[in-house]
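Please keep the sequence and the model in view while reading.

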Amino acid sequence: MRFDIVTIFPEMVESGLAAGVVGRARQSGLLDIVVHNLRDFTTDRHRVVDDVPFGGGPGMVLKPEPLFAAAEAIAERRGPADAVLLMSPAGKPFTQADAKRLSYLEHLVVLCGRYEGIDERVREHVATEEISIGDYVLSGGEMPALVVVDAVSRLVPGVVGDAQSVEADSFTRGLLDHPHYTRPAEFRGHRVPDVLVSGHHGEIRKWRQREAVRRTAQRRPELLAGAGLDADEHAFVRELRDSVPACAQAKASAGEGCSPARIKGSE
Ligand code: 9D3
């Protein structure tokens, strides 16, 4: 799969692509990723990429010309893109479903915004979609671009060595993960749950399933609707709900979340 990433901080993006699963897949040739310096597509002596906003106001806006020129040069050198992603805080929140959809494409162009914004004509005539990675303010689209490249790349066959891990991620049907333990079985007096060291694989499967439902109910109850719970699991969720004081539930729905003590306390 091919990615072309356009940014005014190519070193920042390159450093994020060098290590880990993505770095290895790049070396092996599974991923063909080119990082482009937006300033290389300017035509003035000072390589200016931004300008003041029409209508006035604070901050600078990324100029259209270098971004149009970059997209055109990439199409010519590297072939047409299947999608041009504009990383922007005003974009659609990125999800695993987006990662999956994009992983079926052959060639993605990713444009990183900076400054207060980007000329609207880039949005309208260059980008095919606008993506945010969440509701917090970053300094630019570089880290979001790395997030998208990572999430998409690990769905490309062969990029993640252990295909079972990728499978397991999709197999959890939208529940949070169950707790994990490794040796030693007792550490500073804290013991691993007996069932996990029992060797009863049926019981272990059931315990993990229940703990995944428990965590999801406590931390991300809105995910339960899409998780396709069976009758047993529904009964378990009701049991959990009835075991929690109404005031804690009210706090949780008011967005106060759960204290670690609450998260821990199932009993
Ligand atoms: C008040 C206007 N600000 C929007 C919240 C302006 C603004 C802030 C930060 C414009 C651009 C940026 C830089 N951020 C990104 O380019 C960005 C981003 C982000 O800040 N959060 C989550 N996802 C993304 S994707 C690109």
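With which side chain does the side chain of Asp4 make a polar contact? In this model, which is predicted, the partner is the side chain of His36, at 2.6 Å. Asp4 is placed in strand β1, which covers residues 2-7, and with a relative accessibility of 0% Asp4 counts as buried, because the cut-off for a buried residue is under 20% relative accessible area.

## The chain as a whole

The secondary structure of the chain comes to twelve helices and ten strands. For its 267 residues the globule rule gives a radius of gyration of 18 Å, whereas the value for this chain is 23 Å, well over that figure, so the chain is more spread out than a compact globule. The C-alpha trace spans about 70 × 45 × 40 Å along its principal axes, and buried residues account for 38% of the 267 residues. The domain assignment gives two parts to consider, domain 1 with residues 2-153 and domain 2 with residues 186-264, and the C-alpha centres of domain 1 and domain 2 are 39 Å apart.

## The ligand and its shell

The ligand is surrounded by 17 residues, of which the closest are Ser88, Ile133, Gly134, Tyr136 and Leu138. Sorted by class, this shell holds nine nonpolar, seven polar and one charged residues.

Two or more residues of the shell come from each of the elements β5 (83-93) and β8 (129-132), and β5 gives the most, with three residues.

## Backbone features

The peptide bond that leads from Arg183 to Pro184 is cis, with omega near 5°, and Pro184 is found in the loop between α7 and β9 (186-187).

Two arginines have a positive phi although neither is a glycine. For Arg47, phi is near 55°; Arg47 belongs to the loop between β2 (32-37) and β3 (50-51), where it is partly exposed, with a relative accessible area of 33%. For Arg188, phi is about 50°; Arg188 is placed in the loop between β9 and β10 (190-191), and with a relative accessible area of 74% Arg188 is exposed, because the cut-off for that class is over 50%.

## Further residues in helices and loops

Ser103 is part of helix α4, which covers residues 96-103, and Ser103 is buried, with a relative accessible area of 13%. A polar atom of the Ser103 side chain lies 2.7 Å from the backbone oxygen of Lys100.

Is Gln164 buried or exposed? Gln164, which is placed in helix α7, has a relative accessible area of 62% and is therefore exposed. Although Gln164 and Leu31 are 133 residues apart in sequence, their C-alpha atoms are 20 Å apart in space.

Asp162 lies in the loop between α6 (142-153) and α7 (163-171). Its relative accessible area is 40%, so Asp162 is partly exposed. Between Asp162 and Glu142, which are 20 residues apart along the chain, the C-alpha separation is 28 Å.

Technical notes: Residues numbered from 1 in each chain as written. Predicted model: local features only at pLDDT ≥ 70, side-chain atom pairs only at ≥ 80, totals over all residues. Heavy atoms only, no water. Near = heavy atom within 4 Å. Helix = DSSP H or I, 4+ residues; strand = E, 2+ residues; numbered from the N terminus. Nonpolar A, V, L, I, M, F, W, Y, C, P; charged D, E, K, R; others polar. Domains from an automatic or database assignment. Rg over C-alpha atoms; globule rule 2.2 N^0.38 Å. Buried < 20%, exposed > 50% of the residue type's maximum accessible area, 1.4 Å probe, protein only. Polar contact = N/O pair within 3.5 Å; in protein donor to acceptor, adjacent residues only side chain to side chain.
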